[in-house]
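Visitor: Hi, I'm new to this one. Could you show it to me and walk me through it?

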Amino acid sequence: MAASQSLTPCLCTGNAHAPWCRFVRALLVATAAALVVVVVHADEATTTTAAAGGFAAATNDHQRPKIPAIFVFGDSIVDPGNTNNRLTEARANFPPYGQDFPGGVATGRFSNGLVPGDLLASKLGIKELLPPFLSPDLELKDLLTGVAFACGGSGYDPLTSTLATTLSSTDQLKLFHDYKQKLTALVGEKEMTRVISQGVFFTLMGANDIINNYFLLPLRRHQYDLPSYVDFLVSSAINFTKTLNDMGAKRIGFVGVPPLGCCPSQITLGESTSRQCELLRNQASQLYNSRISKEIKRLNAEQSASRSKIVYFDIYYNLLDLIQNPASYGFKDVNKGCCGSTVLNAAIFIAYQSACPNAIDYIFWDGFHPTEKAYKIVVDKLVQQASEFLLR
C-alpha cells in the first residue's frame, strides 16, 4: 500500500481523478496485495521448514550446512543416555555423573560433563549437544541434525551386550532403521536420503568386548585365544560397518579402541604396585587397532566407487600422549579415577561415591571413562583428522 501512496502522485501530477490515474492506483494496489500474499506464503514456508529441522531460508543447496547431521554408534564412551530407562548396570543418570554438565544434571552421560558425541557435534558446527535417540524428550527437529544410538555396555560381540543386559551393535542398527522411518515421515524420503548421505557417522565400540568379555569373564577365553578373538571382533565390526554403509551412510569414521590397560580399573586389576598401565590389555588394544585399521582401509577402497568414505581414526596414541605427558596438558593424576579406580567405581556402582571437586586435574573421571577435559583434547585431534580425511 505504501507503493501506491508514493508512486501515484508522480504519475498523476495533473487530474488525480483522470481514468489513467485511477487505473494506475488500482494496478499498484493489486500489485501490493499480491506481494503481501507472496510474503505471507513465504513466511509460512519458512516457518514450516524451521519446524522440520532448522533449515529455514535454505532452499538452495549451497545455503545449507556442509554437514547437515551427525550420528554416533558405540558404547558408554559416547552414550548420552540411551540406557537410562533400561534395567542394566550400564547407566549413568545419577550423581556424581554430570556434576559439570550444564545445570549440573546427570543425563546418562558417563563423565563429569560432555562426551565425545556432543563435542564432535559442536566442533563440526552442527549443534551443541547430541541427544540420545531413545530419549522420551527427543524433539522432532533433532532428527534432522542427528542423534546418538550408542548404548553403555555395548560391543561388536553379541555376547557382550547380553552379559550387560543392554543393546548390541545390531540393535543399534535397528534403531537407525527406526530413525530413518521417523525422519521420512517428517520430511519425506528425498530429504531423509539427503540428510543420511551428507551426514557424518562415527562408531566407537570394542572396548567392552576386550575388557569385559575376554579379560574380566572367562567365557570367550574358553573359545578363543586372543588373536583369534580379535579376528572375530574385526569380522563383526566390518560387517557392522558394511551394513551401515548399505543403509545409506556415505561418510563413516571408524574409531579404534583406547589404551585399555591404562584405565584405572584395569591398572587395579593388573595389580601393578607402581600403577603402570597393564601391558596385556594394551597389547590387545594395539592388536585390534592394527587389524581393524587394515580392514577399514580395504573396505574404503571397495566402496569408493559409490562415493563412500570409510576412514579409521586412532585414539590409542592420542589418549596415551595425555597419560605419558600429563603436565603438557595440565593434568596431575593419570592413573587414578577422580571418583575411584576400580570396576566398582563406574556405572551404577558409582552411585554412592562422593563428588570429585577437582576433575580438571584428572584424565579419568571414574574407573573407566575419561573426564570432559580429556575428551575435549582427544576430540580436537580427532576433528583435525576428520577434516583432512573424511569431511572433504
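Guide: Happy to! Let's start with a charge and a ring: the charged end of Lys373 sits over the ring of Phe331, 4.4 Å from its centre. "Over a ring" means NZ of Lys or CZ of Arg is within 6 Å of the ring centre and within 35 degrees of the ring normal.

Visitor: Where do these numbers come from?

Guide: This is a predicted model, where local features need pLDDT of at least 70 and side-chain atom pairs count only at pLDDT 80 or more, while totals for chains, interfaces and linings use all residues. Residues are numbered from 1 along each chain as its sequence is written, and side-chain values use heavy atoms, leaving out hydrogens and water.

Visitor: How many helices and strands are there?

Guide: The protein has 14 helices and 6 strands. These are DSSP runs (helices H or I, at least four residues; strands E, at least two), numbered from the N terminus.

Visitor: Back to rings. How many aromatic pairs are there?

Guide: A search of the whole structure gives 24. Rings of Phe, Tyr and Trp (its six-membered ring) pair if their centres lie within 6.5 Å; planes under 30 degrees apart are stacked, over 60 edge-to-face, and the rest tilted. Phe202 and Phe313 make a tilted pair, 6.3 Å centre to centre with 40° between the planes.

Visitor: What does that pair tie together?

Guide: Phe202 lies in strand β2 (residues 200-204) and Phe313 in strand β4 (residues 309-313), so the pair ties together parts that are 111 residues apart in sequence.

Visitor: Are Phe202 and Phe313 buried or exposed?

Guide: Phe202 is buried at 4% relative accessible area, and Phe313 is buried at 1%. Buried means under 20%, exposed over 50%, and partly exposed in between, using a 1.4 Å probe and protein chains only.

Visitor: Which residues form an aromatic cluster?

Guide: One cluster is formed by Phe71, Phe73, Phe133, Phe149, Tyr156, Phe176, Tyr179, Phe201, Phe240 and Phe254.

Visitor: Switching topic: why is helix α3 called largely enclosed?

Guide: Helix α3 (residues 116-123) has 6 of its 8 residues buried, so the rest of the structure largely encloses it. The buried ones are Pro116, Gly117, Asp118, Leu119, Leu120 and Ala121.

Visitor: What covers them?

Guide: The cover includes β1 (70-74), β2 and α14 (372-389). Contact here means heavy atoms within 4.5 Å. Just after α3, Gly125 takes a positive phi of about 75°.

Visitor: How do α9 and α11 pack?

Guide: Helix α9 (residues 226-246) and helix α11 (residues 279-303) pack at an angle of about 35°, their axes 9 Å apart. Axes are lines fitted to C-alpha atoms, for helices over the stretch in contact, and angles run from 0 to 180 degrees between N-to-C directions. By class, this contact of α9 with α11 has 13 nonpolar, 3 polar and 5 charged residues. Ala, Val, Leu, Ile, Met, Phe, Trp, Tyr, Cys and Pro count as nonpolar, Asp, Glu, Lys and Arg as charged, and the others, Gly among them, as polar.

Visitor: Is Arg307 buried or exposed?

Guide: Arg307 is exposed, with a relative accessible area of 77%.
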